[in-house]
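Work through the exercises below with the structure open. Each task is followed by its solution in steps.

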Amino acid sequence: MPYDEEYVSQFYRHVEKGTGRRYQLDNLTAARPGGDTRYEWKGVRPYKNRYWAYSRAKMEQFEREGRLVYTKSGMPRYKRYLDEMPGVPIQDVWTDIPPVAAQAKERLGYPTQKPEALLERIINASSNEGDTVLDPFCGCGTTVAVAQRLKRQWIGIDITHLAINLIKRRLKKAFGASVDFEVVGEPVDLTGATALASQDRFQFQWWALDQVDASPVERKKGADKGIDGVLYFTDEPDHDTPRRVVISVKSGSVTVRDVRDLRGVMEREKADLAALITLEEPTQPMIDEAANAGFYHSEGWNRDYPRMQILKVQALLAGKKIETPPTNVTFKDAPRVARDNKTEKMKM
């Protein structure tokens, strides 16, 4: 930590002319000899029962560098500059790192998000480049993002797909192609998706929303009022006004009533589009009901998009997305990190 002003004014009261550098005059003697320390320097010897703290060669170097200042008696003193000092060692109470402000660039909306400066200090103090950092409760991924930036290997663990989805998005936005990570434990096929839905429908819901780059409406288990997620896009030239897609995720049996209910929600919420994500195969009446909702016309892109869309999970696994103008503004982007082109394989 930097020295406080009172300490600086008391101990570094000298200011060098021309440079403005603050310095103090330090003693050049020592209590015990250590090599060539008994010599006479410009007619002066150390105080009684003292020795020079440096060799003659070192004193000559100080002289050439202009680091010696002499008292009226001719005793040399060492010019120690403030800007060369390391500062005060960090204590176990840190008050210099503020919480992440509501409008901060690094704020991602996660309730327990920690400042990157805090994790940067911890990681720098406790590891070296190439070491592995483990965060077993990684939340929105501040630890793994900072570890990646500081060139550490890392492993992040979290129990919810909500957190894992946020971390994946954060890493991709911040590091782009320079980071290559593996996610262990999320569905990669229909069997895995079905198993997740049977274990925990909320985890399945959060996973499914991530497949279409949407944000959950509720981050806690509870009533969703017919909306599980939302996706925002802009429609040029009206690019300042976000348009909204309301999304419902169904892990069980579905009928035409689900489509009608979602259409009612879309109209009630004044949303532009709606999407139903279903694990089960949609029926023909569901498909017909969705088609009857008509189209949303994008003035900016001069294209029509189905107002009601039904997406099967199997199609999501193949990469299908909700059809909207290609200007997704659902999530706040993590700050971009400048890195070299080296790709590193990480695990999450």
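**Exercise 1: a helix pair**

The axes of helix α3 (residues 116-126) and helix α4 (residues 142-149) come within 9 Å and cross at roughly 60°. Axes are lines fitted to C-alpha atoms, for helices over the stretch in contact, with angles from 0 to 180 degrees between N-to-C directions; helices are DSSP runs of H or I with at least four residues, strands runs of E with at least two, numbered from the N terminus. The model is predicted: local features need pLDDT of at least 70, side-chain atom pairs count only at pLDDT 80 or more, and totals for chains, interfaces and linings use all residues. Residues are numbered from 1 along each chain as its sequence is written, and side-chain values use heavy atoms, with hydrogens and water left out.

Task: classify the orientation of α3 and α4.

Step 1. Angles under 35 degrees count as roughly parallel, over 145 as roughly antiparallel, 65 to 115 as roughly perpendicular, and the rest as oblique.
Step 2. α3 and α4 are therefore oblique to each other.

Task: which residues make the contact (heavy atoms within 4.5 Å) of α3 and α4?

Step 1. From α3 come E116, L119, E120 and I123.
Step 2. From α4 come T142, T143, V146, A147 and R149.

**Exercise 2: a loop serine**

Task: is S178 buried or exposed, and which backbone oxygen does its side chain reach?

Step 1. S178 sits in the loop between α5 (161-175) and β9 (179-182).
Step 2. Its relative accessible area is 9%; buried means under 20%, exposed over 50%, partly exposed in between (1.4 Å probe, protein chains only). S178 is therefore buried.
Step 3. The S178 side chain reaches the backbone oxygen of F175 at 2.7 Å.

Note on methods. Contact = heavy atoms within 4.5 Å. Polar contact = N/O pair within 3.5 Å; in protein donor to acceptor, adjacent residues only side chain to side chain.
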